[in-house]
Amino acid sequence: MTVREITVLGHPALHQPTRRVREVTDEVRTLVADMFETMEAADGVGLAANQVGVRLRIFVYDCPVPGEPNARGVVINPSLERLGTPSPLDEDEDGEGCLSVPGEYFPLARHPRARVTGTDLDGNEVVIEGEGLLARCLQHETDHLDGTVYVDRLMGPIKRQAREAALDRGWADRGVKKWNPETAKAEDV
């Protein structure tokens, strides 16, 4: 397994919809193993394939669930169902981060529950339903696969803060497009 570089906000792979996986090949299995390794090295709870520069419709997750073991797995060709009505934005409780927007956190209201259906590496149907952080993770990773980064969903002054943070970090000026979680900390990118 290899820790792969993670694409950063502005990288073209993050802003285009991904392609469906037609067949699980050895390359796909290696990609998934590398994605788990990369997510762990970066201390993430989810990672979409386009975050490592591969435009396939796959994400992995390892998300804490209160009172239970972590929800962990892979979903190939996921389909998302948002459940419930988002509560009004609570800037203290609704903070969200992203390995492709490293070191930054911004509040974003999400649906309180979510369900994702897809397949695993063996072609078996998987259905993951969650609330709280797991629901946020499922929505966040599926958004990635649709070519949407969570900062694209921000509004008003929070969106301006995100733009300013991207400029302050030099992502637009320097053209930083990737970082390696083995050699850098997210805060330093």
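User: Which strand is arginine 82 in?
Analyst: Arginine 82 sits in strand β4, residues 68-83. Bear in mind that this is a predicted model.

User: Is arginine 82 buried or exposed, or partly exposed?
Analyst: Partly exposed. The relative accessible area of arginine 82 is 34%. That value is why arginine 82 gets this label: buried means under 20%, and exposed means over 50%.

User: What is arginine 82 in contact with, beyond its neighbours within four places in sequence?
Analyst: His111, Arg113, Gln139, Asp143 and Arg153.

User: Which side chain makes a polar contact with the side chain of arginine 82?
Analyst: That of aspartate 143, at 3.0 Å.

User: And arginine 115? How many Å from arginine 82, C-alpha to C-alpha?
Analyst: 6.6 Å. In sequence, arginine 82 and arginine 115 are 33 residues apart.

User: Switching topic. How many residues has the largest nonpolar core?
Analyst: It has 38 residues. Ile58 and Val151 have the most contacts inside it.

User: Which elements give two or more residues to this core?
Analyst: α1 (26-41), β3 (58-65), β4 and α3 (156-168).

User: Which one gives the most?
Analyst: α1, with six residues.

User: Back to isoleucine 58. What does it touch?
Analyst: Leaving out residues up to four places away in sequence, isoleucine 58 touches a list that includes Val28, Leu31, Val32 and Met35. Val74, Val75 and Ile76 are also among the residues touched by isoleucine 58, as is Leu145.

User: What's in the second core?
Analyst: That separate core has 16 residues, including Val65, Val75, Ala114 and Leu134.

Terms used. Residues numbered from 1 in each chain as written. Predicted model: local features only at pLDDT ≥ 70, side-chain atom pairs only at ≥ 80, totals over all residues. Heavy atoms only, no water. Helix = DSSP H or I, 4+ residues; strand = E, 2+ residues; numbered from the N terminus. Buried < 20%, exposed > 50% of the residue type's maximum accessible area, 1.4 Å probe, protein only. Contact = heavy atoms within 4.5 Å. Polar contact = N/O pair within 3.5 Å; in protein donor to acceptor, adjacent residues only side chain to side chain. Core = buried A, V, L, I, M, F, W, Y, C linked by side-chain atoms within 4.5 Å.
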